[in-house]
Amino acid sequence: MFELVSENPIAAVIVMCEFGLWVLLGAGLALRYLLRWRALSTLVLWSIPLLDVVLVVATALDLRGGAEAGMIHGLAAVYLGFSVAFGPAIVRWADVRFAHRFAGGPAPVRPPKRGPGRRAHLMREWYRVVNAAVITSVTLLVLVVLFAAPEGREALLWWIGRVWVVVGLWFVFGPLWESGNILARGDEEQDEHAGRGERAAR
């Protein structure tokens, strides 16, 4: 891992962006709830998407500079897609917990563990994954058309198929799986009610 980061500038940028995300998020929430500097806190939190800009610019410049397109450039696009799609949800998640811990805010509401509410929660998560895949695909296409050398384009396009496979698997083992559980529990409840009715009739 350390060797990969030290030898590949884009890998280093990805690590720095991930580290920067949590630093800015922690700093922004501390400014808001510990120091009560709400305006500065908002400015810090709004600066988080700039990390994504840094990553995509660094990736484009690396390819334009003659670097061979490879796994790390595709991974950078995937990281960008998921960061943009899930970033606001991560900020809200941390905000609620930080406010509850340090500012007397309401306790975080846990997502339902079963039933239609659980499926709705999983669907919202899946929609974010779809958004991440769209952003990733568009980013990769832009890199292919504008920045990558012809011999490296196939390596980047390969990531588009991979990210949409993730979308499909996420749906199957998320919302679809929960829908099957809901139907199974519904059948069990119907059988249980029918059994009670038969016993009552006797």
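How much space lies in the largest cavity? The answer is about 40 Å³. The model is a predicted one, in which local features need pLDDT of at least 70 and side-chain atom pairs count only at pLDDT 80 or more, while totals for chains, interfaces and linings use all residues. Residues are numbered from 1 along each chain as its sequence is written, and side-chain values use heavy atoms, with hydrogens and water left out.

The structure holds 1 cavity of 30 Å³ or more. A cavity here is a set of points, on a 1 Å grid over the protein atoms alone, where a 1.4 Å probe fits but cannot get out; lining residues have an atom within 4 Å of a point. Its volume is the space filled by probe spheres set on the points, which are joined across faces, edges and corners.

The lining of the largest cavity consists of Cys-17, Leu-21, Ile-48, Leu-51, Asp-52, Tyr-79 and Ser-83. Two or more of these residues come from each of α2 (9–33), α4 (49–64) and α5 (71–102). Helices are DSSP runs (H or I, at least four residues) numbered from the N terminus. By class, the lining has 5 nonpolar, 1 polar and 1 charged residues. Ala, Val, Leu, Ile, Met, Phe, Trp, Tyr, Cys and Pro count as nonpolar, Asp, Glu, Lys and Arg as charged, and the others, Gly among them, as polar.

I turn now to the packing of α4. Helices α4 and α5 pack at an angle of about 160°, with their axes 10 Å apart. Axes are lines fitted to C-alpha atoms over the stretch in contact, and angles run from 0 to 180 degrees between N-to-C directions. The pair is therefore roughly antiparallel (over 145 degrees; under 35 would be roughly parallel, 65 to 115 roughly perpendicular and the rest oblique). Contact means heavy atoms within 4.5 Å. Among the α4 residues that meet α5 is Asp-52, and the α5 side includes Tyr-79 and Ser-83. This contact has 7 nonpolar, 3 polar and 2 charged residues.

Helices α2 and α4 pack at an angle of about 175°, again with axes 10 Å apart, and so α2 is roughly antiparallel to α4. In α2, the residues that meet α4 include Cys-17 and Leu-21; in α4, Leu-51 is one of their counterparts. The residues divide into 11 nonpolar, 2 polar and 1 charged.

Finally, α4 packs against helix α6 (residues 115–146) at about 25°, with the axes 10 Å apart, and is therefore roughly parallel to α6. Val-56, Thr-59, Ala-60, Leu-63 and Arg-64 in α4 meet Thr-139, Leu-143 and Leu-146 in α6.

Terms used
On a 1 Å grid over the protein atoms alone, a cavity is a set of points where a 1.4 Å probe fits but cannot get out, and a pocket is an open set with protein on both sides within 12 Å along at least five of seven lines; lining residues have an atom within 4 Å of a point.
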